[in-house]
Amino acid sequence: LALTQGAPSQSLDVTKEVSAGNVGTVRLVTNAATITPKTVTAALSGVKDTIEKTYDGNATLPTADLKNRVTFTGLYDEDQQLAKVAGVYDTKDVAWNADGTVGTKNILYTPKLEGTGTANYELALVTPDGKTLTGTTLTGVGQGLIKPRQLTITAGYAEKIYDGTADAEVLNPKFAAITGV
């Protein structure tokens with residue numbers, strides 16, 4: 001028996017008719033059976049390698065399979081395809097360490113259940129040791145890295161009329177190209 005999509009729990013009316021000899025038929029109706037969605041937990045799996053990209057102005061992750069980064073517990077085998085994970089960097093910017101080197105970033109994972117049969121489950125986010133979390137995201141601390149984008153400026157030339165000095169004031173500099181923007 002499957003639950004109706006979006007219903008938190010449902011009752012099942014059970015009707016049993018029993019022949020009572022010369023009295024006729026006795027009909028017993030009860031609604032004592034209640035089906036409640038099964039709780040499925042989602043927790044960070046412990047994968048520590050970083051997901052890297054070069055700065056591109058947004059927080060989206062490069063194409064990566066995120067399913068190995070979140071563990072879903074409690075789904076029946078035939079419903080494993082319901083488990084989905086989306087993720088983004090916590091900001092779109094490069095993280096810099098105090099010493100001027102590029103640092104790691106956090107990744108925000110959003111586990112969810114999608115597809116036919118999701119009403120049979122209720123998703124709870126937990127820590128790896130099972131403590132319940134509030135909210136809709138799990139934070140992978142230091143699992144992301146956005147590298148700075150290299151900009152190349154190709155300068156043209158500046159003109160100066162010889163005046164016997166090494167000093168030059170550049171007027172109207174000309175740039176041939178700026179790439180990497």
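Thr-132 is exposed, because its relative accessible area is 62% (exposed means over 50%, buried under 20%, partly exposed in between, with a 1.4 Å probe and protein chains only). This is a predicted model, in which local features need pLDDT of at least 70 and side-chain atom pairs count only at pLDDT 80 or more, while totals for chains, interfaces and linings use all residues. Residues are numbered from 1 along each chain as its sequence is written, and side-chain values use heavy atoms, with hydrogens and water left out.

**Two residues**

Thr-132 sits in the loop between E10 and strand E11 (138-147). Strands here are DSSP runs of E with at least two residues, and helices are runs of H or I with at least four; both are numbered from the N terminus. Setting aside neighbours within four places in sequence, Thr-132 touches Leu-125 and Val-126 (contact means heavy atoms within 4.5 Å). Ala-42 is 90 residues away from Thr-132 in sequence, yet their C-alpha atoms are 9.8 Å apart.

Lys-105 belongs to strand E9 (residues 105-113). Lys-105 counts as buried because its relative accessibility is 5%. Beyond four places in sequence, its contacts include Tyr-89, Asp-90, Thr-91, Asp-93 and Ala-95. Gly-140, Val-141, Gly-142, Gln-143, Gly-144 and Ile-146 are also among the contacts of Lys-105.

| Residue | Relative accessible area | Class |
|---|---|---|
| Thr-132 | 62% | exposed |
| Lys-105 | 5% | buried |

**The three-stranded sheet**

Three strands build an open sheet, ordered E5-E3-E10, with mixed pairing. Its edge strands are E5 (70-73) and E10 (121-125), each pairing on one side only. Neighbouring strands in this sheet are turned by 25° against each other on average, direction ignored. For such angles, axes are lines fitted to C-alpha atoms, for helices over the stretch in contact, and values run from 0 to 180 degrees between N-to-C directions.

E3 (residues 38-44) and E5 run antiparallel, joined by four bridges. Pairing requires at least two bridges found by DSSP between two strands. Ala-42 has Phe-72 in E5 as its bridge partner.

**The whole chain**

The protein chain has 13 strands and zero helices. Of its 181 residues, 23% count as buried. Among contacts with a separation of 6 or more, 65% join residues 24 or more positions apart. The chain exposes about 12,200 Å², of which carbon and sulfur atoms supply 53%. Accessible areas come from the Shrake-Rupley method with a 1.4 Å probe; for residues, only the protein chains shown count as cover.
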